[in-house]
Amino acid sequence: MEPYSPSNVISVFSTLPNPANVVNGINGLDGDDKKKPLNLWPGMYHSPVTIALWETKSKIFERLLDPPLDAPPQRELLVRTPAQSRTTILYNFSSDFVLREQYRDPWNQVRIGKLLEDLDALAGTISVKHCSDDDSTTRPLLLVTASVDKIVLKKPISVDTDLKISGSVIWVGRSSIEIQLDVIQSPEDSVALTANFIFVAQDSQTRKAAPVNRLSPQTEKEKLLFEGAEARNRLRKRKRAEDKKDGDKQGEHRWQTLLAEGRIFCDMPALADRNGIILRDTRLENSLICQPQQRNIHGRIFGGFLMHRAFELAFSTAYVFAGVMPCFLEVDLVDFLRPVDVGDFLRFKSCVLYTELDGDHPLINVEVVAHVTRPEIRSSEASPIFLSEAKATKDGFRIRNVLPATEEEARRILERRDAKTLHPVQCS
């Protein structure tokens, strides 16, 4: 081995502060030996906005750094207003070059996938604010993202103009809460994107559903938002009840008709419609091992990271399918069916479910399913399900009709189409 001297050795140092030495948001505070426990360290992958939000959230948990083993759950429910949970984050893109470069995409707009991470982190911070009981003798609730009900892009988001995200709790059930976030871009201060997240509360020891603080809307706008969220919750419950019955003859006739078109491609490809394509031929896939750097403060893989990866695969799927640059319109649903842990082998599988024409804009509906795969025990379980919609950016551009080859695919296409009739998207 050749000798070396300090002059030809390059040392590598962390560019991030050590979370164990951050006290009250200040690095290296003298006179205080208080250290943050390892389970409250976020991973090192995340954006500066996400890290700042988690730092705010973890300060609430730090009041119970060393709780007694028999710490009781919250004794009584409090009544809070939406204003008490309202939180705003600012992106000074116009003056902060480094921050701007972290969020810039190839078309000089904000990376939507990266923004999804920050939205999830902000929603988590808001949920903790609402559910905290300010009692240092009780154990805090465990709050997890159950689903994302809707994310709608109303206009392109420039990376050269300052941005802010503001949100609050708009509805609560027994153990679930809905949070609405608005992404606002200056100088007009118009809403560029809206997102609705649903969190569920669990007892941190038993992992059973736990009741959350009540919500008292004060203004007319807050009351309207509460009523709208209540109506969506009733609709979800009714839809689940209808899905359990799932025995109507009309539905069976619809998927059989749709499947008959797809079978022509399988059985008589030479006679098939040249404007059609089988669903399986639209698929893309990627895989990864979940790393410690991608964990949240609960030690599991950050839901925002999963949404980021799913979004970029969905965008790529629409791009390679259409052959022109797609324009993202909305995320219609993200369901977190089960948690994802550090070390899990995750496979993202995407496909175009169906296409439609909205005026001159062809719309492309993409589904991404994440599978937690365990080769040693030969198991594969679905985790987040991500549904998004994009449009081709070229007016009058023709895209192919997607057809199912199996009964399962036919049912999934019809289920997605039916859901869209309840929440139609509007092209800008």
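**Salt bridges and a nonpolar surface patch**

Leu271 is exposed, with 66% relative accessible area. Welcome to a predicted model, in which a search of the whole structure turns up 20 salt bridges.

**The nonpolar patch**
- Leu271 sits in the loop between helix H6 (249-267) and strand S10 (276-278).
- Together with Ile264 and Met268, Leu271 forms a nonpolar patch on the surface, and the three share about 280 Å² of accessible area.

**Lys150 and its partners**
- Lys150 forms a salt bridge with Asp332, with the closest N and O atoms 2.6 Å apart.
- That pair links distant parts of the chain, as Asp332 lies in strand S12 and Lys150 in strand S5, 182 residues apart.
- Lys150 also meets the side chain of Glu330 in a salt bridge (3.5 Å, N to O).
- This second pair links distant parts of the chain too: Glu330 is in strand S12 (residues 326-336) and Lys150 in strand S5 (residues 142-153), 180 residues apart.
- Buried means under 20% relative accessible area, so Asp332 at 8% counts as buried, and so does Lys150 at 12%.
- Glu330 is buried as well.

**A pair within helix H8**
- The side chains of Arg411 and Glu407 meet in a salt bridge, at 3.0 Å from N to O.
- Arg411 and Glu407 are separated by about one helical turn, because they are four residues apart in helix H8 (residues 407-422).
- Arg411 is partly exposed at 34% relative accessible area, and Glu407 is partly exposed at 36%.

**A salt-bridge network**
- Salt bridges link Arg100, Glu101, Arg104 and Asp160 in a network.

Conventions. Residues are numbered from 1 along each chain as its sequence is written. This is a predicted model: local features need pLDDT of at least 70, side-chain atom pairs count only at pLDDT 80 or more; totals for chains, interfaces and linings use all residues. Side-chain values use heavy atoms; hydrogens and water are left out. Patches are made of residues with over 30% relative accessible area and no salt bridge: like charges are joined within 9 Å, nonpolar side chains (Val, Leu, Ile, Met, Phe, Trp, Tyr) within 5 Å. Accessible areas come from the Shrake-Rupley method with a 1.4 Å probe; for residues, only the protein chains shown count as cover. A salt bridge is a side-chain nitrogen of Lys or Arg within 4 Å of a carboxyl oxygen of Asp or Glu. Helices (H or I, at least four residues) and strands (E, at least two) are DSSP runs, numbered from the N terminus. Buried means under 20% relative accessible area, exposed over 50%, partly exposed in between (1.4 Å probe, protein chains only).
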